[in-house]
Amino acid sequence: MSASPHVAVRNLCVTVRTPEGEPLRIVDGVSFDIQRGDVLALIGESGSGKTTIALALMGYARSGAQISGEIRVGDATFEGSGGATLAAQRGNRITYVAQSAAAAFNPSRRVIEQVIEPALIHGTATAAEARAHAVSLFEALALPNPKTIGSRYPHELSGGQLQRLMAAMALITRPDLVIFDEPTTALDVTTQVEVLQAFRKVVREQGATGVYVSHDLAVVAQMADQILVLNRGTVREQNSVQAVLETPVDDYTRTLLAAARPVIKAATPQVAVGEPLLSITGVHAGYGPIDRNGRAAHPVLTDVTMNIGRGAAVGVIGESGSGKSTVARVVAGLLAPTAGTVSLDGEPLAPALDGRTREQLRRIQIVFQNADIALNPAHSVGEILGRVLRFYHGTSGDQARQGVAELLDLIRLPAGIADRRCDELSGGQKQRVNLARALAAKPDVILCDEVTSALDTVVREAILELLAELRRDLGVAYLFISHDIATVKALCDEIVVLYKGTRVESGLRDTYAAPPFHPYTDLLISSVPELRTDWLTGVGLQSSAPFANLHESPDLCRFVPRCPVAIAGKCDVAPPPLRLMTAGNSVLCHRAEAELIRMHP
Amino acid sequence: MNVTSILRAVRRLPISGKVGLVLVLFWIAIAAIGPFIAPYPPGSFANEEVFAGSSGQFWLGSDFLGRDVLSRLLSGARFTVGLSAVAVTIAVCIGTGFALMAAVGPRWVDELLSRAMDTLISIPSKIFALVLVAAFGSSLVLLTLIIAITYVPGNFRIARSLAVGLVRLDYVEVARARGEGRLHLALVEVLPNMIKPLFADIGLRFVFIVLLLSGLSFLGLGLQPPDADLGSLVRENTSGLAEGALAIIAPAVAIASLTVGVNLLIDAATQGKAR
């Protein structure tokens with residue numbers, strides 16, 4: 001193709017002013033071309049300027065920021081900071097798919113009206129034409145009931161469906177350029193596959209030109225033709241996807257690639273001696289009023305059992321709504337179970353906080369996902385850590401100061417950070433402090449609730465490394481909760497899979513390397529994007545489940561409505577048995593071992 | 001907080017904040033030293049002429065009885081500023097204290113306090129004051145208490161909604177899981193994070209109290225003669241309104257500058273910190 005590129009960006013700079021009033025370039029001299037029908041991926045850590053660049057393409061910058069450079073999209077050219085020229089193109093020639101579709105839709109209007117709105121505002125089509133086009137887009141995006149789905153309200157749809165509807169909204173004006181800003185980051189892996197497949201299909205069919213912003217190389221590999229690797233606002237490498245994945249030339253790209261493939265952290269294999277440190281036995285828990293049978297109005301956990309040995313690391317995985325965080329809350333005493341017990345060293349713990357002794361509380365510490373809200377913004381790092389030392393160990397004065405310094409050393413942060421407030425720290429530093437607060441109690445077990453989920457891949461690697469090291473040096477045990485099976489595999493020697501509050505599978509890490517798996521585990525594992533361009537094509541569209549409309553019952557297998565291998569007359573009538581496989585993992589399923597191996601896709 | 005950090009904070013205030021700060025400092029100074037620099041005793045009939053205009057001898061003229069307006073203003077400011085400050089402090093301490101109890105305490109405490117506050121808020125403040133003054137007679141202490149009680153529920157509602165939101169955050173959960181007592185949760189984990197919006201509320205309430213006090217005095221329920229706060233000065237000189245007498249304009253301007261000053265300062269201070 002000899003024609004000039006469809007999108008051309010030359011020397012794009014975005015400048016903001018620091019609080020001291022000095023100019024700071026957050027995007028510095030970025031140039032790239034996109035051919036018609038191609039997708040360019042912008043990849044980098046948070047703070048690399050990838051979203052800023054994507055927004056600058058729309059002529060938008062945060063207040064106070066200045067855009068300079070030349071941007072040409074289709075026939076529209078603009079130079080310097082004349083953002084108004086591009087602003088007129090927004091939502092018409094250039095459209096945007098945001099990360100959180102759930103927050104981007106107006107909850108009080110039907111989705112079809114919102115989807116066709118850009119076409120009506122810019123006058124590119126009549127309402128009837130736009131509606132017809134929308135239905136064809138819904139079809140292309142593999143949305144269920146494309147003719148009628150538009151008449152629903154956003155709260156009636158799932159996150160994955162809303163994300164696809166938002167893509168339909170972006171494509172309704174047949175734009176010259178679509179910007180996808182981390183559109184699948186907030187989705188579960190199993191949903192992400194469906195959405196990615198839909199996006200790829202629609203982008204190819206419509207011949208749309210796109211910019212795909214993401215931090216996840218494996219996702220990008222499925223979607224893009226070209227990759228632009230960014231770090232601190234500058235281009236590190238630009239090449240075809242294949243070339244970036246196979247022969248990266250830049251060091252930073254290599255770091256990103258390495259972090260995208262978490263390696264198993266060398267942890268001493270635990271020999272189970274005597275009784276477990278922490279055992280969770282037949283726990284039922286939920287929210288809302290409790291009925292006569294002792295069931296909560298909104299049950300979250302059903303009969304969950306697991307053991308954690310001294311110094312062991314047990315991973316809990318599942319998608320959102322699987323009840324994995326509730327397990328941690330029950331163990332920590334923040335939520336009293338409706339049935340079942342949690343015991344520490346064989347001694348049953350009181351269900352709620354009030355009944356537990358300070359010593360028991362000290363031995364179990366919880367670390368939350370989001371360090372931004374898990375650390376009190378009114379206190380300095382030293383105060384946060386010092387309080388725990390004083391509370392559990394009675395240390396104060398110089399001794400406490402020394403204790404804080406030791407803790408900071410343990411998590412590889414400079415001692416000077418003790419006087420800083422948490423909002424002055426980076427995301428990775430905050431998460432380390434969050435971890436140090438738990439360590440300050442000198443606990444036996446730390447409940448890690450998605451502690452690496454909000455972090456960039458490179459930072460996540462470092463935190464996982466730290467966790468493995470602490471376990472080796474201090475002998476602390478982990479209950480490690482995550483939605484990402486790769487992260488769990490990297491750290492834990494035992495893994496429990498939760499689905500809608502039931503434990504569907506549990507076993508040692510190695511048993512998750514090859515089938516037999518529970519059908520849900522199978523789905524989870526096969527949904528994790530791999531670092532090769534043909535992965536998405538290889539994943540077969542999930543064959544439809546035979547009992548898609550079966551009403552869920554607490555006794556039956558909860559996965560039946562989504563299970564591709566459910567058996568009529570068995571799965572829909574009787575509760576599944578817990579089967580012990582030869583590899584040592586136990587699976588809650590009607591299917592026998594041989595069948596599970598055979599049915600592995 | 002040392003002197004340099006205060007100076008730096010002052011320098012960072014926007015112009016409106018500096019204006020507010022100057023006005024507030026001016027009124028605090030007047031409240032402190034006013035009576036000592038007043039040229040005449042506040043009750044003395046210094047001028048033969050009533051509602052006299054400004055002159056070298058009487059800077060702000062004379063009032064309806066021929067008393068020196070400047071002297072009465074200087075003596076009256078301390079009642080308005082002092083009484084309002086004490087009343088707002090009492091109101092905020094009670095309101096925020098109850099709010100924290102409601103937020104960290106068991107559910108029934110929250111229900112009990114919230115319903116009690118709803119009851120209190122439904123009583124019109126001026127009628128409430130009228131009844132109490134009629135029953136117990138007017139005194140400075142009673143007046144302060146009436147005003148404080150009137151403004152407890154408003155502060156309680158704002159502080160409670162702030163605290164209830166904060167109590168659900170992870171850092172409070174962590175402290176709870178650690179086994180911290182309710183007092184620690186309320187004072188160490190929750191309170192420091194609601195200070196900024198609370199100060200905005202204090203500023204607003206201070207202004208309301210100045211106006212309520214002026215209103216009560218205007219109705220004759222406030223300070224009793226010969227003492228007079230800024231509101232009473234406006235009331236007793238209403239007959240001069242038709243002539244545009246300085247005696248009524250001066251205290252009205254004084255009330256306005258005090259309330260505007262406090263608001264400007266608090267707005268600027270809370271916005272600056274939220275950055």
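A: Let's start with a rule: two strands pair if DSSP finds at least two bridges between them. Strands (E, at least two residues) and helices (H or I, at least four) are DSSP runs, numbered from the N terminus. This is a predicted model, where local features need pLDDT of at least 70 and side-chain atom pairs count only at pLDDT 80 or more, while totals for chains, interfaces and linings use all residues. Residues are numbered from 1 along each chain as its sequence is written, with chains lettered from A and ligands numbered from 1 in written order.

Q: What is the strand order in the open sheet of chain A?

A: Strands of a sheet pair through backbone hydrogen bonds, either parallel or antiparallel. Here, 4 strands line up as β12-β11-β14-β15 in chain A, with antiparallel pairing. β12 (296-308) and β15 (347-348) of chain A each have a single partner strand, so one side of each lacks a neighbour in the sheet.

Q: How many bridges join β11 to β14 in chain A?

A: There are 5, between residues 278-290 and 339-344. Look for A:S279, whose bridge partner in β14(A) is A:S343.

Q: At what angle do α10 and α17 of chain A pack?

A: Two packed helices are described by the angle between their axes and the distance between the axes. Axes are lines fitted to C-alpha atoms, for helices over the stretch in contact, and angles run from 0 to 180 degrees between N-to-C directions. α10 (251-260) and α17 (457-474) of chain A pack at about 55°, axes 8 Å apart.
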